[in-house]
Each structure stands twice: as structure tokens, then as C-alpha cells.
Amino acid sequence: MTTSAGWYLRRLSRMGPREVGGRVGDTVRRRRWRSALPQRPVVTGARFTAVLPAGTLDATAPDAVKRLLAEADRLMAGHAEYFGVERDDLVDPDWCRDPRTGRRAPWAYAFDVPYRDEDAVGDIKQIWEPSRHQCLTVLAAAYAVTGDERYAERVAAHLRSWWAANAPLRGVHWISGIELGIRLLSWVWIRRLLDGWPGAAGLFEGNPVALDQIWHHQRWLAAFPSRGSSANNHVIAEAAGQLAAACAFGWFPSSERWRGEALRSLERHLRSNTFVSGLNRELATEYHGLVLELGLAAVAEADAAGVAVPATVRLVLLRMTDALAAVVDGRLRPPRQGDADDGHGLVVDGAGTDRWGSLLATGEAVFGRLDWWPEVTGSDVRTPLLAALVRRGAPAAARPASRPAHFADAGMTILRGPAEIWCRCDGGPHGFLSIAAHAHADALSVEVRHDGVDVLADPGTFCYHGQPAWRRYFRSTLGHNTLEWDGADQSVSGGPFLWTRHARSRVLVADASGSGGVARWSAEHDGYGPAVHRRRVELSAERRELRVIDEVRGARGAVRLAFHLGPAVTAELRGNRAELTWTRDGEDRSAVLDLPGALEWRAHRGESDPPLGWYSAGFGRKEPSTTLVGTGTGTVPGTGTGSTEGGALPGAFTTVLTFRG
């Protein structure tokens, strides 16, 4: 799918004058770089000194090491899974081939590669992900804990292979700053973890090819920062990678300047990307995790190098950590809000390591835990490594005395009930910046779990490029547990990472305390103007009941009300009642979902034309699940009481979810 002229016009309309000027400058610079690739400055006497303190590896837990080595051995056999595609060709990988489509990205000047066009390039995510070299940080970590040189030799062979296949500014791996930033961070950690290997210096600081690659990566990041409406998680990755490399590989005349620029960018953009409450402004939970990982890794490098870090950087990371601790459910699962592409900042652990537990463990080691934090029972390799480098201790700032439930700036409210009933209510901004790139049209949606099991689920993301019908579905209003009015999304999409009109939501009531035995939340949005969709949610602890009341005020139109069930939940729909059953830890669980009788209800599962009834547990993966959709018409006059004239169906719809046992 090529990018149309209409998309460029819509994208341009979301930029301000300063951003337009910056992008014009980028275009001129790209043209100039095409014809003149500069020589790297001569480097003499380079030494790597950013090593782990003695004894750090002794703190790694045996079960975490066991998972790490199992993953490393799988990689040594050439096996890995990326976004639902199992690969067995990684002993000697083709770094530019997409295994899903079989296409190979063209060898050309980087900025001429049409990376958004799957017909020309293949699935760009499948090509880019292995070249973040996080598989190599795993192998390097395996060497560090075992001393087995097979792991180090494989890392060295893959790096030399990649460097040979991806000369500076040639090919698909020199297009996106986030890729260069994360790759630099991986290289820093590879060098650190291989420090005991006799070939480490010859692979990096004693290797002219490695020096060329490191220098050109940093020169690229200094020249082409994400800017304006694109200054989201990408700019954090760029700054973190640049800072890490300029600290650990500070061998070049420009290293001090790059370090200062990266630190200033990190400080500015961490603040701008984060609400005061600590939640990420993209309102896409996986990007909260990515930014927190990148921020912690960047601070570790600065601290290891003795570079002063602004207090505001640590304060933002502290708030992000406390916010994460506040929103997770009883199984340490955070909300499934917004886009998610399985992106990580630093990977040194094996499969089966709990990402969110690992982040909280690192937060505890660096900042200290609060009494209300959930217990983290798992272990990981990354926490003791980062904690050994970061200057510990929370910055001087007030921290929540009790577990926050309502994040007013982000519009997120968590209602909790007995038996680990967890409910997220969404009444926040549509997304971040003018394009809201990673937002979904999910205003007033709810997400409900019971003991960590998705009952009313957010279906996820599944894909970005190349499959537009699926991208539209997983971002759509119908693809979330909320109400669609007149067949339209609440917000207007202008492309796969572009929204041209944003629904505005406001929270009216947020009482998660459960006073009187009932926790309450209410919000409304204007995405269906002149109609207004208002939703109330009530969670009764005594009755183990969640009540959702939807009203549409000010206009008449067609209604579709959707409830997406998690993949573990089986539903038997009779009329407007659905019997829900699932199993957790070998025990049968059940609930009853009483749906508004004024709507006609149907169950959908695994439908493709158009898509409906799917759940994506991770990027590139989807599985059938049950979606219950009620259709009808409704209206409530502007100051209405919930009734309509002329026999129209009522505009107030009540749904009741009751948990049994």
C-alpha cells in the first residue's frame, strides 16, 4: 500500500509552522547526504570503561538465569518468534528479508526506500525487529552469566554480518530514528556484557567498522530527531540511545555535544510525554512500559559515566513507576489501552519473564516501594544489572500515600471489587499531540477482569502496516467496549497513525472509594456531535455486580453497543442474556451478562469480512473471541429523561455483569 497524496495533505494539516520548517530542513539535509558520506574522525586510544560493578552478576536469581539460558539456546539453534512468525533461519539471518511475505527490502539510499509499501518492501516490522539486536543482548547476557564463549562468538558473527550488510545510509535500517536509538542501546549493553570475553575490544573499540557504525548512528540521530507532532515515544528512544552511546562510547570529538543534546532532549520529552500523574500521554499502555524502560536505561548510562542527570528526569520516572504500580490488576497486568507493538527498550531476559513485574522490581530497587504497591513475586536478570548502575534513592517529591484509582489528567479510573474484580474506565483525551498516532477510538470504553482474566476485553492492536482493514477494525469504536452512533467512529482517522478529529471526553464522577458499597464513574464525549454519549458505571462489592448505563442525548441515530469477551470466556447468548464461563487455575468461573432488551443482540466470532470477534494478545497475533453486538436506534432529547417519542427505542441502555461464586 503506497502513501497517497491525500494522506500527505492530511498529515501536513496536523503540523505547525515550526514543524514544517524543521521537516523542510530535514529534506534538504537528506538530499545533501545522498552525495557526500563523510569520513568518521580518527579515533585513537579508545577504551570501554562503563563495565558492571564487580559482583553484579552474582545477584541474578537462578530461575531468571534458567529462563535466560533457555532463550539463548533457542537463539543459538536459530529459532525465534517475532510478531506471530516463527523463525528458524537465525543462525545466519538475512537482515533485510521479511519472512512473512518473503519479500526483501531494496538496497538503496535509505531515504528512497518506500518502507510503508508492503508490496515493495515487505512487512517492515518483521524486518526491523531483529535488527534492534535485542536477541544479541540476550546472547551476551548468557555469556556474562556462564562464560561460555559460544554465545559471545555468535554475537560477534551476527554484528559483523549486520555491519557488512547495512553500510551507513544504505537500506531499510537507516530510515527510522527509533530503530537506530534502540540498536545503539543494545550495542552498549552487548559491549558491557561481553567485557570478560577476550574478543570484546577487537569487536568494538578496536574495530574500524564498528566505530564507523557507532559514529554514523549518532550523527544520524543528531541530524534527524523526531519533531513536532511525531515527538512521542520515538523521540525518547532516540534520546536514550544517543545518550547511552555518547556516555559509553564517548570516543569521538562530537561525543560531549551529542551527550548534552541527548540529555536535554530526554529531559524535555520525558516531561512532555508524561502526565503529572505519571501515566504516559499517548494513553497506550505498552508505550508507557517502553518509555519507562528507555528512561531507566538512559539514566543508568549517565550515572555510570558520572554525568549529572536533571532531577526532573528521575522525578518523571518515579511517577511513571508509581502510576504503573497503581493501575495493574492482581496479576500485575496493566490496562490494554491504545496501540501495542511488543516494543522493549532493553532485553536481557528469557521468555516467561513478566515484563511488568520486572519494571516494578526495578522501580523498587531504584526508588523504593510504597506500602500499597502490589507484591512482585517473580524475578528477572535486568533489575540487578540496571540497579547496579543507577544512583539509588527516590527524588525529593511527595509520593501517593495510598493507591491512586483516578488519574484526572489522563482520564483513567480503576474500579476494584472483591475476588480481584478490576475495571478500567476511559474518560481521557483521545491521544497525544495533533496526530494521536497510537490512539484508538475508544472513548468511554471499559475493560473488566476477574482475577486477571479478561472478561470484557480490549481486543488489542494486531497490526500497523500492510493490512488496512484489520488496522481500522482494531482502532475502531466498534472494536472496543463502548457505543457506536450512526455507524461512525467517535474520532476521525486520516491514516494508520493519524487522527484528524479527536473526540473530547470529560469525567463527571469518579468515586472509586466504594462509599456505600458502590464505586461510581461517569463521563461523556462529544465525538457524535451534536449528539453526546454519556456513560455511567457502578461496581457493587456486595452484589459483585457491574452496571453500565449508556445514554445518547441530543439526536436520533442508529446504535451499535459492543461487548468484547476475552478469549478464555465462552458465551451462551439467549435473547438479551449471555451466560459466561471460563477457567482460572483449574477452577470453573462464571458470570451473567444481562444486556439492554431494547437492542437486538447477536454473537460474532472470528469474522473477517468485515472483521469482528477477534482478540490480539500481541502484535502480529490474533485469535477468535466472542463479541456481543446490540443494534437498534435511540435518542434522548437534549434535556431528556431517558424516553423517546413515536415509539423509538429508548436512548438509555443498561447492561449488568454479575459474577457468581
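This is a predicted model: local features need pLDDT of at least 70, side-chain atom pairs count only at pLDDT 80 or more; totals for chains, interfaces and linings use all residues.
Local features were taken only at pLDDT of at least 70 and side-chain atom pairs only at pLDDT 80 or more, whereas totals for chains, interfaces and linings use all residues. Residues are numbered from 1 along each chain as its sequence is written, and side-chain values use heavy atoms, with hydrogens and water left out.

Strand β12 (residues 518-528) has nine of its 11 residues buried, where buried denotes under 20% relative accessible area with a 1.4 Å probe and protein chains only; helices (H or I, at least four residues) and strands (E, at least two) are DSSP runs numbered from the N terminus. On one side of the pairing, β12 runs antiparallel to β11 (residues 505-511) through six bridges, two strands being paired if DSSP finds at least two bridges between them. Arg506 stands opposite Glu524 of β12, and the hairpin of β11 and β12, with six residues between the strands, includes Gly514 at a positive phi near 75°. β12 is also joined to β13 (residues 531-540), again antiparallel, by nine bridges, with Ala523 opposite Arg535. The hairpin of β12 and β13 has two residues between its strands, and in this loop lies Pro530, joined to Gly529 by a cis peptide bond with omega of about 10°.

Most residues other than glycine have a negative phi, and most peptide bonds are trans.

His133 occupies the loop between α5 (124-128) and α6 and counts as buried because its relative accessibility is 0%. The side chain of His133 makes a polar contact of 2.9 Å with the side chain of Trp187, a polar contact being a pair of N or O atoms within 3.5 Å in which, within protein, one must be able to donate a hydrogen and the other to accept it, and residues adjacent in sequence count only if both atoms are side-chain atoms. Not counting residues up to four places away in sequence, His133 touches, among others, Trp95, Leu159, Trp162 and Arg183, contact meaning heavy atoms within 4.5 Å.

Methods:
Buried means under 20% relative accessible area, exposed over 50%, partly exposed in between (1.4 Å probe, protein chains only).
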